[in-house]
Amino acid sequence: MQNAALQIPTAAQWEAVLAFRAMPILQNTRDALRRELQNPQVSFDSLVPIAERDPALCWHLLQRAVSHNPGCREQIHGVYNCLSLLGMQELVTLVKNLPTVGDQPEDPSEKMYQQALYTAHMAGCLAAQWASAKGAPTNTAYWSAMLAHSILWPWLLLERSSHNWLHFLSEGDDLVTASRKVFGHSPDNWKRLVRRHNLPDSVADIFQRDKLPDARDWRRLRRQDPRDLDSGRQLIHRSQTESMLALTAAGTAWHLHINPEGERSQRWLTISSHAQGRRFPALVLESRDVQIKEARLRKSSFASGIGLLATPQPEGLSYPLWLPERETVTATADTVSSDSVAPEAVTPETAAPAKNAQTEPRPTTQLEQPQRVATEPVQHGSAYLKKLMGQLAESPASFGDWHYLMQGVLKGIQLGIGIDHSIVMLPGKNRSALRTVYAENPEGLAPFSTTSIPLQVAPLLRQLMKQQAAVHITPETCERYFKGMPPELANALPKEMMLMSVHAGRDPIGIVIAANSKGAPIPKEQYQRFRQLCNTTSRGLASLRQLSAKAKASSASPSAPVRSSQ
């Protein structure tokens, strides 16, 4: 049902992307360049390292250099070439007039775009490292790999549907598969973007099928080094090209960011080692070194994926699925870890203990349009909340299924209670980790909303999953409630938020979390309404479960959806 709602871009959308030129640079890049330009001893040698940290600025320098000097594109292999053609004054004018993206953007499109820039820089650093080990020019390798996926950047800023590319990567798809799901099979349009952006020939060759290994050769590269094959000479030559280095570095960088220990990351590292004729452990060590340097540069361990290696079990980032009418955060692969009992306990406000609880699966069949106040609100505030809670208590079947009910509850938290950010976290199959499945403005609840959280490292969540309970965390009490969490996780969480477990007649099946923007305080009245809404939600979920069981018992088809009697 979700994939059917995704639409392939139209010709008008492609034209808008082709014409887009206002790609922002990073704010810290502008600040660093301004400080350096005040230095009386400023020179190209001191400006180039700063500019190279910002792929968007590199892209703008390339466009400006080619525009001012037609025919020079083939001679440009880095920032130094661009500055030599443009001069320092042109750099000052460019940096002054370009839009910027801050360190912590709130707009989802800017957040995705910022991460794409970070990953592009990491790809360039990987390619430069690999080229250095082979004795090849590092500037050219960095330049090509960094710009390899620059054709994606305008999409991330202009079309929210393009964010699904990152979602499908986090769900385990490869680069090409994710691209075809989101953008369709449109090689000609990508080639037009490459030409319009004046990208290097090595990047253009990535989109030429005859310039890369064919499907059979890709399978051979996954299995073994072509130097061990009697008939591998042609594959060796194709594997040593600049376009192949740029492609493997860019692909590896994206998957290292998503899941550094995942199957896709291991596959790309294996392909890269075979293509370069180098040992796999050496490439892994080099990639980890690049990830650490990128994390230090961006002051974020999750920007490069290195933070995912610090968890007790291998983890992967989860990017949300965007749909035209609603935005649903979907889960990554479940995490396997042992559930040990933490010493920290949460005092329950109401309890409904039971054993052998199971999470109710969300139906995947297409439903008729149900009556639900949450998706088409007509009132806000207390009247809206009262109407929603009445619907939850008296006719929960009118929501259609659990999916719409939970989305309605999150809308109620935002429109009825007035809380800015809210999510619902559900456990995986083995109930050892929680991940965000439903969300309303989830950006204020990172990292809960961006990655799977093992219960082993979050005693607060573990205790809430044992019994129905509610917690109001304030700056004065957050240290006590965050006790036992890794410092990086605890420091990233809002210092004031509300949490409450919800159930469906048995043990808790998930946790509802809500917080205001920028850590704004939550009054006692809002907390009381939050608890009341969650309790009513639990009763509505229990009613839906009973209706679903009755429908399955009386229907010949076990997958028949439960429909409203209205």
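The buried residues of helix α9 in this predicted model are T140, A141, Y142, W143, S144, A145, M146 and L147, where buried means under 20% relative accessible area, exposed over 50% and partly exposed in between, with a 1.4 Å probe and protein chains only. Because eight of the ten residues of α9 (residues 138-147) are buried, this helix is largely enclosed by the rest of the structure. Helices here are DSSP runs of H or I of at least four residues, strands are runs of E of at least two, and both are numbered from the N terminus. Residues are numbered from 1 along each chain as its sequence is written. As the model is predicted, local features need pLDDT of at least 70 and side-chain atom pairs count only at pLDDT 80 or more, while totals for chains, interfaces and linings use all residues; side-chain values use heavy atoms, with hydrogens and water left out.

One partner of α9 is helix α8 (residues 108-134). Two packed helices are described by the angle between their axes and the distance between the axes. The axes of α8 and α9 come within 7 Å and cross at roughly 150°, which makes α8 roughly antiparallel to α9. Axes are lines fitted to C-alpha atoms, for helices over the stretch in contact, and angles run from 0 to 180 degrees between N-to-C directions. Angles under 35 degrees count as roughly parallel, over 145 as roughly antiparallel, 65 to 115 as roughly perpendicular and the rest as oblique. The crossing of α8 and α9 is right-handed; a crossing is given that name if the near helix is turned clockwise from the far one by less than a right angle, and left-handed if anticlockwise. On the α8 side, A120, H121, A123, G124, C125, A127, A128, A131 and S132 meet T138, A141, Y142, A145 and M146 of α9, contact meaning heavy atoms within 4.5 Å. These contact residues divide into ten nonpolar, four polar and no charged. In this scheme Ala, Val, Leu, Ile, Met, Phe, Trp, Tyr, Cys and Pro count as nonpolar, Asp, Glu, Lys and Arg as charged, and the others, Gly among them, as polar.

The contact involves L245, L247, T248, G251, T252, H255 and L256 of α17, together with R264, S265, W268, L269, I271, S272 and Q276 of α18. By class, the residues of this contact comprise six nonpolar, seven polar and one charged.

Helix α5 (residues 55-68) is mostly covered, with eleven of its 14 residues buried. These are P55, A56, L57, C58, W59, H60, L61, L62, Q63, A65 and V66. At 1.5 Å a residue, the 14 residues of α5 should span 20 Å, and this agrees with the 20 Å between its end C-alpha atoms; the expected span is 1.5 Å times one less than the number of residues. In helix α4 (residues 44-52), L47, V48, I50 and A51 are buried. The cover over the buried residues of α4 includes α5, along with α3 (27-37), α6 (79-86) and α7 (88-97).

Turning to a strand, V101 is found in β2 (residues 100-101) and counts as buried because its relative accessibility is 1%. Leaving aside residues up to four places away in sequence, V101 touches P24, I25, L26, Q27, E110, Y113 and Q114. The C-alpha atoms of V101 and K111, ten residues apart along the chain, are separated by 8.6 Å.

Some backbone details in the loops are also worth a look. Most residues other than glycine have a negative phi, and most peptide bonds are trans. In the loop between β6 (433-440) and β7 (453-454), which holds P447, a cis peptide bond joins A446 and P447, with omega about 5°. N441 is found in the loop between β6 and β7 and has a positive phi of about 55° although it is not a glycine. At 29% relative accessibility, N441 counts as partly exposed. K518, in the loop between β10 (508-515) and α25 (524-554), also has a positive phi, near 55°. At 79% relative accessibility, K518 counts as exposed.

For the protein as a whole, there are 25 helices and ten strands. Buried residues make up 54% of its 566 residues. Of the contacts with a separation of 6 or more, 70% are between residues 24 or more positions apart.
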